[in-house]
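Have the viewer open as you read.

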There are 2 protein chains.
Amino acid sequence: MNNIYIIGVGLIGGSMALDMKSMDANIDIFGIDTNSDHLDEALALQIIDHKATYEDLHNADLVILSIPVDKAVSELPKVLDAISDSTLVIDVGSTKLPVCKTVESHNRRRNFLATHPIAGTEFSGPKAAIQGLFQKKTNIICEVEKTTFKLQEKALKLFSDLGMRIRYMNPEAHDKHIAYVSHLSHISSFMLGKTVIEKEKNERDIFDMAGSGFESTVRLAKSSPAMWTPIFKQNRANVIETLEEYINNLKQFKSLMEADDFDEIYNEMKNTNHIKEILKGIA
Amino acid sequence: MNNIYIIGVGLIGGSMALDMKSMDANIDIFGIDTNSDHLDEALALQIIDHKATYEDLHNADLVILSIPVDKAVSELPKVLDAISDSTLVIDVGSTKLPVCKTVESHNRRRNFLATHPIAGTEFSGPKAAIQGLFQKKTNIICEVEKTTFKLQEKALKLFSDLGMRIRYMNPEAHDKHIAYVSHLSHISSFMLGKTVIEKEKNERDIFDMAGSGFESTVRLAKSSPAMWTPIFKQNRANVIETLEEYINNLKQFKSLMEADDFDEIYNEMKNTNHIKEILKGIA
């Protein structure tokens with residue numbers, strides 16, 4: 001795979017490009033982006049070698065579609081229309097059911113592999129791209145059986161080169177579980193940030209009192225609304241369900257405090273400490 | 001100050017001991033703890049040089065009271081009873097009003113300085129103690145005017161040696177604001193951990209899907225219930241108020257999703273992105 005096209009030269013697409021270039025000097029990276037500043041930045045940062053357009057996609061060995069999930073749903077069919085028969089197209093979005101649905105009847109469905117690399121930071125854009133982002137991270141692949149075997153092999157070789165381990169899952173299960181272990185975290189963090197900013201907006205000194213614990217819990221509130229709004233929209237039902245359960249748990253905690261039942265407060269925390277063992281192994 | 005007594009040889013007391021020993025070889029560190037395993041560990045780890053009891057406190061130049069905040073309230077008067085006229089006693093607890101109240105009429109009130117170093121990790125016990133924990137961290141001092149000037153000076157010298165910057169605040173303001181920037185973070189994290197564990201308890205594989213974002217938001221759910229239960233109890237009214245506001249913000253976010261008002265969801269996140277600038281400078 002020598003001609004790699006990155007559609008959306010941001011954190012994920014850009015980081016993949018950096019790793020691929022460092023592994024193979026013969027690779028040519030082409031960038032496509034509606035944001036021309038991002039394309040210029042990506043060129044200047046040597047993340048991409050050339051700017052390109054959809055008309056060039058027939059030359060692609062690999063296309064990485066790394067754009068917000070609403071755009072992915074509308075662009076993916078056009079990308080498949082533009083490629084050659086031997087091109088592999090992967091997406092890297094945080095929801096998987098809508099993108100799989102949008103191409104289920106496409107005559108090039110077998111050129112596409114739906115993936116979700118569980119990797120990233122709270123930053124976005126080409127400047128956020130970093131080498132080694134995918135080392136030891138999980139990549140979730142959906143509907144693998146719908147992709148041509150030869151292109152599956154190419155994709156697995158790439159993910160292995162990037163240092164990722166693979167998990168297979170159907171898109172419904174992906175979207176349901178990812179709501180708990182990723183989407184809910186973002187909302188809890190955004191609303192924590194909102195609550196504190198609202199209260200303390202006139203007292204900037206108060207943030208001197210904030211330590212690393214606060215920083216850790218609100219880190220995700222720096223995330224891009226342009227990326228996250230369509231994720232919440234596409235995964236609406238699952239996210240609402242997780243939010244409902246989270247709010248109920250918070251209300252119950254508050255009720256225990258109001259009832260002065262601190263023995264039970266202790267137990268709630270003790271039982272959740274179990275997360276220590278669960279988290280072992282997450283980077 | 002050569003004879004330093006640490007009551008409660010855990011993360012905070014232990015880390016202070018390590019820094020003080022590294023700065024001055026002549027310092028003798030004495031450990032007092034109801035947990036004899038912790039005392040043995042602290043000796044083995046060379047955090048303390050000797051075990052001690054309250055009867056020895058009359059020899060102390062400095063006593064650091066680093067025990068859960070409910071214990072601090074009951075122990076501090078006994079500590080003040082046992083020291084000499086020239087001993088400085090500091091506490092390091094996460095609530096400040098109850099500890100200040102408990103000694104407001106004590107005849108050795110002027111030997112005591114109420115402090116809250118905003119430093120720590122989610123771990124506890126002597127093994128959690130680390131050198132340099134306080135570098136560039138904030139130490140909040142309450143009711144400074146109630147401490148003898150000479151002992152204030154000694155305390156400020158110590159905090160400066162540890163690398164801390166000082167903020168002065170009355171205990172009521174401390175407890176109110178710290179509920180937002182610290183206590184609420186812990187509850188949001190514990191309840192996030194609970195929500196996900198409850199849902200996924202039979203599907204351990206799901207945690208393979210969790211990335212660094214989830215890890216960051218649930219990190220505080222590893223914290224010690226023995227430390228945090230009394231903090232929530234002592235700061236009950238302020239914590240309930242913050243929880244109420246947090247729950248209302250989450251409910252509003254959920255309502256916006258149910259109403260498919262994703263423009264407003266975008267705005268909510270965009271406005272909270274402002275936390276980026278606020279967090280600059282927090283370690």
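The bend at a residue is the angle between axes fitted to the seven residues ending there and the seven starting there. This is a predicted model, in which local features need pLDDT of at least 70, side-chain atom pairs count only at pLDDT 80 or more, and totals for chains, interfaces and linings use all residues. Residues are numbered from 1 along each chain as its sequence is written, while chains are lettered from A and ligands numbered from 1 in the order in which they are written.

**Helix H3 of chain A**
- Helices are DSSP runs of H or I with at least four residues, strands are E runs of at least two, and both are numbered from the N terminus.
- H3(A) bends by about 40° at Glu75(A), with the proline Pro77(A) following within four residues.
- Its buried residues (20 or more other C-beta atoms within 10 Å of their own, C-beta atoms being placed from the backbone) include Val69(A), Glu75(A) and Leu80(A).
- Among the partners that the buried residues of H3(A) pack against are strand S1 (3-7), helix H4 (97-102) and H8 of chain A.

**Where the chains meet**
- In all, 80 residues of chain A contact 80 residues of chain B, a contact being two C-beta atoms, placed from the backbone, within 7 Å.
- H6(A) gives the largest share of chain A's side, 21 residues.
- 100% of the interface residues of chain A are also interface residues in chain B, so the copies meet through the same surface.

Notes
Buried ≥ 20, exposed ≤ 12 C-beta atoms within 10 Å, placed from the backbone.
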